[in-house]
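I opened this notebook to keep track of what I looked up, one topic at a time. I start with a term that I will need again and again.

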Amino acid sequence: MKIQIQVDGKHVEVQQGISVLKACLINGIYIPHLCFFESSPHPHASCRLCFVDVDGEPLPVTACTYIVKDRLGIQTNTERVRQLQRSAFTLLLSMHEVNCKSCHANKRCELQKIAKFLNTALKQKTYPTYLKPISIDQNHPCITYYPNRCVLCGRCVQSCQYSVFSFAQRGFETTITTFGNRDVTEQHCENCRRCVEVCPVGALLMNSHQHQNQINGGNSNEMSI
C-alpha cells in the first residue's frame, strides 16, 4: 500500500511500513548513515548519523528505525539535526585511522561521502585520536580485518548468514571478531564475501597473493580470539 509523506517540503509517495531512511533514499534524498544497508533485518541505529526531525516528535529521531505513516512530515536539514550528525561523525573519526591514500576503499568510502555532505574534514582536532594497538588482524583464514578502519557499524555481523562475525570487548576496546570452525568459515566465506561487500569503509578485505605480500611487508599482527 502506498502512502504520502512530506520530506523537506516535498511530497513523495512511499510504501507503507518502511523506515524513514529507506523512504528517503529510495526517493533520492540522502541522509548520512553507516549501520543501515538495504537488506538489514533490524537496524540498531548505532552510528547515530541518520537523525531527522519529524512533526510531532519533541526531539530528532533515527531515520533507520522510525516507520513512515501517512501524511508524515519530515525535515532532514534542520540546525539541530546537522549539529547531532556532525557531533556523532567527529566522535567516530576520533577512533578511525584516516589514511585514505593507502586504503583500498579510497573514493568509495562512506566516510568520505559523509564528510563531503556535512562539509566537515576527515582529520579532526576536536577529540584526541584513539587507535587500537593492533592495526591488522589476520585471524580469519581468508579475510583480513583492519580494526582501526572499522567504524563498528555491524553490517558484517548482520549480513553474515553463517554467524562468523561478532562484536567483542566493550567501550573503546570494542572490535569485530570471528569464531567457529575455521575450515567451515574458509569454505563458506570464500564463496560468499557478503561482509566485504557491505563494509562501508574498507575494514574488511578478501585475502589475495598480492595483498598478502603487502601485509607481510608491513605492520602485521594476529589477534587471538
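A residue is buried when its relative accessible area is under 20%, exposed when that value is over 50%, and partly exposed in between. R80, with a relative accessible area of 35%, is therefore partly exposed. I also note at the outset that the model I am looking at is predicted.

**Entry: the chain as a whole**

Of its 225 residues, 48% count as buried. I then turned to contacts between residues at least 6 apart in sequence, and found that 61% of these join residues at least 24 apart.

**Entry: salt bridges**

I wanted to know which charged side chains pair up, since side chains of opposite charge can pair when their charged atoms come close. My search of the whole structure found 3 salt bridges.

I took R80 up again here, and its side chain meets that of D53 in a salt bridge, with 2.7 Å from N to O. R80 lies in helix α2 and D53 in strand β3, so this pair ties together parts of the chain that are 27 residues apart in sequence. Is D53 buried or exposed? I found a relative accessibility of 6%, so D53 counts as buried, whereas R80 is partly exposed.

I next noted K22, which forms a salt bridge with E38, the closest N and O atoms being 3.3 Å apart. K22 sits in helix α1 (residues 20–26) and E38 in the loop between α1 and β3 (51–54), and the pair, 16 residues apart, links distant parts of the chain. K22 is partly exposed at a relative accessible area of 24%, while E38 reaches 56% and counts as exposed.

The remaining entry on my list is the pair D70 and R71, whose side chains meet at 3.7 Å, N to O. For D70 I wrote down 44% relative accessibility, which counts as partly exposed, and for R71 a relative accessible area of 62%, which makes R71 exposed.

**Entry: nonpolar cores**

I looked up the largest nonpolar core and found 37 residues in it, of which L34, F89, L111, I143, F165 and L204 have the most contacts inside it. The elements that give two or more residues to this core are α2 (79–93), α3 (110–118), β6 (143–145), α6 (194–198) and β9 (204–206). Apart from this core lies another, of 24 residues, with V20, F36, V54 and A63 among them.

Which residues does F89 contact, leaving aside its neighbours within four places in sequence? I listed L49, L111, I114, A115, L118, T120 and L122.

**Entry: cavities**

I counted 3 cavities of 30 Å³ or more.

The largest cavity holds about 90 Å³ of space. Of the 16 residues that line the largest cavity, C150, C153, C156, C199 and A203 are the closest to its centre. Both α4 (155–159) and α6 supply at least two residues of this lining. Sorted by class, the lining of the largest cavity has 14 nonpolar, 1 polar and 1 charged residues.

The second largest cavity holds about 70 Å³, and 11 residues line it, with D137, H140, Y145, F165 and T178 nearest its centre. The elements that give two or more residues to this lining are β6 and β8 (175–178), and the largest share, 3 residues, comes from β8. By class I noted 6 nonpolar, 4 polar and 1 charged for the second largest cavity. F165 had already come up in my entry on the largest nonpolar core, as one of the residues with the most contacts inside it.

How values were computed:
Residues numbered from 1 in each chain as written. Predicted model: local features only at pLDDT ≥ 70, side-chain atom pairs only at ≥ 80, totals over all residues. Heavy atoms only, no water. Core = buried A, V, L, I, M, F, W, Y, C linked by side-chain atoms within 4.5 Å. Buried < 20%, exposed > 50% of the residue type's maximum accessible area, 1.4 Å probe, protein only. Helix = DSSP H or I, 4+ residues; strand = E, 2+ residues; numbered from the N terminus. Contact = heavy atoms within 4.5 Å. Salt bridge = Lys/Arg side-chain N within 4 Å of Asp/Glu carboxyl O. 1 Å grid on protein atoms, 1.4 Å probe; cavity = no way out; pocket = protein on both sides within 12 Å on 5 of 7 lines; lining within 4 Å. Points joined across faces, edges and corners; volume = space filled by probe spheres on them. Nonpolar A, V, L, I, M, F, W, Y, C, P; charged D, E, K, R; others polar.
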